[in-house]
Amino acid sequence: MSRSRKLAEAHWGYIAQLLEAHDESNSTIEVCKFHYIEAFVHGYKHAIEDLENEQPGGRYANEYKIE
């Protein structure tokens, strides 16, 4: 599992609690989970690309490598 997916899934619990507090249905929460995690992973990829463009071959190039 990629680092970005691990981070997204770890943070998802917080988001799920917020949705539950607002009485969202389980089906809505499951749809939100899918979109949240996929958007997080996608955004993380762009953040790493941005860092690599700022510092080619710098410490971020390998430390947070996308699978």
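What percentage of the 67 residues of the protein count as buried? The share is 24%, where buried means under 20% relative accessible area, exposed means over 50%, and partly exposed lies in between (1.4 Å probe, protein chains only).

## Basis of the description

This is a predicted model, in which local features need pLDDT of at least 70 and side-chain atom pairs count only at pLDDT 80 or more, while totals for chains, interfaces and linings use all residues. Residues are numbered from 1 along each chain as its sequence is written, and side-chain values use heavy atoms, with hydrogens and water left out.

## Overall architecture

The protein contains 3 helices and 0 strands, and its elements follow the order α-α-α from the N terminus. Helices (H or I, at least four residues) and strands (E, at least two) are DSSP runs, numbered from the N terminus.

The accessible surface amounts to about 5000 Å², and carbon and sulfur atoms account for 52% of that area. Such areas come from the Shrake-Rupley method with a 1.4 Å probe; for residues, only the protein chains shown count as cover. Among contacts (heavy atoms within 4.5 Å) between residues at least 6 apart in sequence, 50% join residues at least 24 apart.

## Helix H1

Helix H1 covers residues 3-21. Its 19 residues should span 27 Å at 1.5 Å a residue, and the 28 Å between its end C-alpha atoms agrees with this; the expected span is 1.5 Å times one less than the number of residues. At Trp12, H1 bends by about 30 degrees, the bend being the angle between axes fitted to the seven residues ending there and the seven starting there.

The buried residues of H1 are Ser4, Ala8, Trp12, Ile15, Ala16 and Leu19. They pack against helix H2, residues 26-54.

Asp23 lies in the loop between H1 and H2. Its phi is positive, about 60 degrees, although Asp23 is not a glycine. By way of background, most residues other than glycine have a negative phi. Asp23 counts as exposed because its relative accessibility is 70%.

## Helix H2

Within H2, the residues Ile29, Ile37, Val41, Tyr44 and Ile48 are buried. The cover over these buried residues includes H1.

His42 also belongs to H2. Its relative accessibility is 44%, so His42 counts as partly exposed.

Ser4, in helix H1, counts as buried because its relative accessibility is 2%. Leaving aside residues up to four places away in sequence, Ser4 touches Phe40, Val41 and Tyr44. The C-alpha atoms of Ser4 and Val41 are 5.3 Å apart, although 37 residues separate the two along the chain. For Ser4 and His42, 38 residues apart along the chain, the C-alpha separation is 8.6 Å.

## The salt bridge

A search of the whole structure finds 1 salt bridge, defined as a side-chain nitrogen of Lys or Arg within 4 Å of a carboxyl oxygen of Asp or Glu. The side chains of Glu38 and Arg5 form a salt bridge, with an N to O distance of 3.0 Å. This pair links distant parts of the chain, since Glu38 is in helix H2 and Arg5 is in helix H1, 33 residues apart. In general, side chains of opposite charge can pair when their charged atoms come close.

Glu38 counts as partly exposed because its relative accessibility is 32%. Arg5 is likewise partly exposed, with a relative accessible area of 24%.

## The nonpolar core

The largest nonpolar core has 5 residues, namely Trp12, Ile15, Ala16, Leu19 and Ile29. H1 gives the most to this core, with 4 residues. A nonpolar core is a set of buried Ala, Val, Leu, Ile, Met, Phe, Trp, Tyr and Cys residues joined through side-chain atoms within 4.5 Å. In soluble globular proteins, nonpolar side chains tend to be buried together.
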